[in-house]
Amino acid sequence: TVSNHLKTLENAGIVGSRKEGAWVNYRLIVEPGGPAAELLARLPEWVDHDPGLRALLARLPMIRREDLCG
């Protein structure tokens, strides 16, 4: 599940989490030279070569947490 994947990323020091009621909010931990910084540096190259990812990123501003959980 996504929760298991996020927990693995948290254990690796790539993301941090904070619980708010029933929600757990995750954030990237971006340290110079760290794994998240390296991933972010490569992201534009990956996005440029993946039409599906470009389409998803274009929709992100319109997606709300409330809409996903009904």
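Which residues lie nearest the centre of the largest pocket? Here are some friendly notes on that and a few other features.

1. **Ground rules.** This is a predicted model, in which local features need pLDDT of at least 70 and side-chain atom pairs count only at pLDDT 80 or more, while totals for chains, interfaces and linings use all residues. Residues are numbered from 1 along each chain as its sequence is written, and side-chain values use heavy atoms, with hydrogens and water left out.

2. **The pocket.** L28, L40, L43, L53 and L57 lie nearest the centre of the largest pocket, which is lined by 16 residues. A pocket here is an open set of points on a 1 Å grid over the protein atoms alone where a 1.4 Å probe fits, with protein on both sides within 12 Å along at least five of seven lines; lining residues have an atom within 4 Å of a point. Its volume, the space filled by probe spheres set on the points, is about 380 Å³. Helix 2 supplies the largest share of the lining, 6 residues. (Helices are DSSP runs of H or I, at least four residues; strands are runs of E, at least two.)

3. **The nonpolar patch.** On the surface, L28, V30, L39, L40, L43 and W46 form a nonpolar patch with about 520 Å² of accessible area together. Such patches take residues with over 30% relative accessible area and no salt bridge, nonpolar side chains being joined within 5 Å; areas come from the Shrake-Rupley method with a 1.4 Å probe. Helix 2 (residues 35-48) gives the most, with 4 residues.

4. **The hairpin.** Strand 1 (residues 15-20) and strand 2 (residues 23-28) run antiparallel, joined by 6 bridges; strands pair if DSSP finds at least two bridges between them. The hairpin has 2 residues between its strands, and G21 in the turn has a positive phi of about 65°.

5. **Salt bridges.** The count comes to 3, each a side-chain nitrogen of Lys or Arg within 4 Å of a carboxyl oxygen of Asp or Glu. R18 pairs with E20, the closest N and O atoms being 2.2 Å apart; E20 also stands opposite W23 in strand 2. K7 and E10 have their closest N and O atoms 3.5 Å apart, and these two residues are separated by about one turn of helix 1 because they are 3 residues apart.

6. **Helix 1.** The count of buried residues among the 10 residues of helix 1 is 0, where buried means under 20% relative accessible area, exposed over 50% and partly exposed in between. K7, at 44%, is partly exposed.

How values were computed:
Patches are made of residues with over 30% relative accessible area and no salt bridge: like charges are joined within 9 Å, nonpolar side chains (Val, Leu, Ile, Met, Phe, Trp, Tyr) within 5 Å. Buried means under 20% relative accessible area, exposed over 50%, partly exposed in between (1.4 Å probe, protein chains only).
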